[in-house]
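Below are my notes on the two-chain model you sent. They are set out as numbered points, starting with the contact between the chains.

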Amino acid sequence: MKLKFDHPDFPKDHAFSIDGLGTFENGKSREVTEEQEAAFAGLRGLSTKEAFEGNEYVTLEGAAASKKGGES
Amino acid sequence: MPVGLGGGGAIGIKHEAVMGTYEDPTVWVPILSENFRYVEARYFSPQLRQQVMVSDVKQGYYHIEGDITFEVDTNFLPYFLYASRHTVTKTGPVAGVYTYKAVPNKMASVGAPAKSLSIAAIRNDILFGYAGCVVGQYEFTITDGVLRIMMNMLGLSENTPAGPYTPSWSNPDLLGADAHAVFVASDFGATPTFGAASNDFNGFTLTINHNADAQNRIRKQRSASYIAFHETEIAFNTELDFVDKTEYNNFVATTQRGMKLESTQGAVAFAAATDGVKLQINRFAYETYDVSLPGLGDIVMAGATGRGISVAGGDAYEIHCKSTVNIV
């Protein structure tokens, strides 16, 4: 699965970090590994897809159906 | 839910399209503390009915109020400059850096083009949402060499965010001990004449208080109708090395001058295309200047406070922030 962070207020190379998923450069998409997804789910109790559904500035490519937190 | 720590919390903000209409946060601000709270004038009925205690309770008018403190970070300060009785102009970019300049205006409440904030607070993983938030008072101070700001904010209403929220964090862009310089002008006015930086300041606190309060009007809602601003009070306090009587004489004579604090990344001039903050009072007079003999081994210092005064044809104060953030 790829996650793209695209916040219009911030410069294109601005780094954003998300607990469990690591750092993303604004405007670019990056592969999220299964390990990172699991780490995120362990921290948040949500799958990556559930966490970012409807998020204005984050898009997910190739996300599987929603899974409840803790499952990986 | 087990107990939580402050460090597990988060504050998110978003400029509102319509003041008071809550929007999910899109910018996460690394704060030091907050205490937003629901403030209600609850009604307890004092009916006389052969009992000597109140006999009923009704929900009353309410608003949101609280302080938020963070280390000044140029990624986030501009959002809060818009959310007050300020006229903000944005220029740039120059080498990717925008300059935001906030000056006071005479509006009685926040209206376009100023922008109110929706604020989300995550406390022990539990969401709180506040809408129609504006800044009533800014207090900038240097603590342990780092420029900090504490803002007193008021909001119109509390909301129940749907969530879930997933904060995303920027790298800190703090203004540390080598960033600051204080200048005292030789005159006052729209553009005071500043010379070399002073080396005598031991601490610097600038307070801009718009004396905001929540106003409730009769309508079928309990939340605040608007946030009103009253007199703007500009004040600073500091401690100065007492090396001669010049400033004491300026205090007695009510000498009026300009003053500014410049804080820039990398100890460069504020004019450069580098992140930074400039806090400028264009006209001030000392309000107090106290010097005394301290203890045997203590340095002779003067405690000074001053007050900002309006400037004919200019602005009483200016807050400048250079930032790579581009707020539309």
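How many residue pairs are in polar contact between chain B and chain A?

1. Polar contacts between the chains. The answer is 8 residue pairs, counting those in which both residues are at pLDDT 80 or more. On the side of chain B that touches chain A, the residues divide into 10 nonpolar, 8 polar and 1 charged. Please keep in mind throughout that this is a predicted model.

2. Extent of the interface. In this model 19 residues of chain B are in contact with 19 residues of chain A. About 1400 Å² is buried between the two chains, and carbon and sulfur atoms give 47% of that area. Of the area that chain B buries against chain A, 35% is supplied by B:Thr166, B:Ser168 and B:Trp169, more than any other three residues.

3. Charge pairing across the interface. Between chain B and chain A the count is 1 salt bridge. A:Glu56 and B:Lys14 form a salt bridge, with 2.9 Å between the closest N and O atoms.

4. One residue to look at is A:Phe16, whose bridge partner in strand 14 of chain B is B:Ser170. The open sheet has 3 strands in the order 3(A)-2(A)-14(B), with antiparallel pairing. Its edge strands are strand 3 (22-25) of chain A and strand 14 of chain B, each of which pairs on one side only. As background, strands of a sheet pair through backbone hydrogen bonds, either parallel or antiparallel.

5. Salt bridges overall, and one within chain B. Over all chains the count comes to 13 salt bridges. Among them is the one between B:Glu231 and B:Arg307, where the closest N and O atoms are 3.2 Å apart. B:Glu231 lies in the loop between strand 18 (226-228) and strand 19 (233-241) of chain B, and B:Arg307 lies in strand 22 (residues 301-308) of chain B, so the pair ties together parts that are 76 residues apart in sequence.

6. Surroundings of B:Arg283. This residue is in strand 21 of chain B (residues 276-291). Leaving out residues up to four places away in sequence, B:Arg283 touches a set of residues that includes B:Phe188, B:Gln256, B:Arg257, B:Arg307 and B:Ser310.

7. Backbone geometry to check. Most residues other than glycine have a negative phi, and most peptide bonds are trans. Against that background, the peptide bond from B:Gly92 to B:Pro93 is cis, with omega near 10°; B:Pro93 lies in strand 8 (residues 86-94) of chain B. The peptide bond from B:Gly163 to B:Pro164 is also cis, with omega near -5°, and B:Pro164 is placed in the loop between strand 13 (157-159) and strand 14 of chain B. B:Gln50 has a positive phi, near 60°, and lies in the loop between strand 5 (43-45) and strand 6 (56-58) of chain B.

8. Confidence. The model scores are ipTM 0.89 and pTM 0.94. Chain B has an average pLDDT of 95, and 100% of its residues score at least 70. For chain A the mean pLDDT is 86, with 86% of the residues reaching 70 or more. Which stretch of chain A has pLDDT under 50? It is residues 65-72, for which the model has 18 contacts beyond four places in sequence. Where pLDDT is low, the predicted coordinates should not be read in detail.

Note on methods. Residues are numbered from 1 along each chain as its sequence is written. Chains are lettered from A and ligands numbered from 1 in the order in which they are written. This is a predicted model: local features need pLDDT of at least 70, side-chain atom pairs count only at pLDDT 80 or more; totals for chains, interfaces and linings use all residues. Side-chain values use heavy atoms; hydrogens and water are left out. Contact means heavy atoms within 4.5 Å. Buried area is the accessible area (1.4 Å probe) that two parts lose on being put together, summed over both. A salt bridge is a side-chain nitrogen of Lys or Arg within 4 Å of a carboxyl oxygen of Asp or Glu. A polar contact is a pair of N or O atoms within 3.5 Å; within protein, one must be able to donate a hydrogen and the other to accept it, and residues adjacent in sequence count only if both atoms are side-chain atoms. Ala, Val, Leu, Ile, Met, Phe, Trp, Tyr, Cys and Pro count as nonpolar, Asp, Glu, Lys and Arg as charged, and the others, Gly among them, as polar. Two strands pair if DSSP finds at least two bridges between them. Helices (H or I, at least four residues) and strands (E, at least two) are DSSP runs, numbered from the N terminus. pLDDT is the predictor's confidence in each residue, from 0 to 100.
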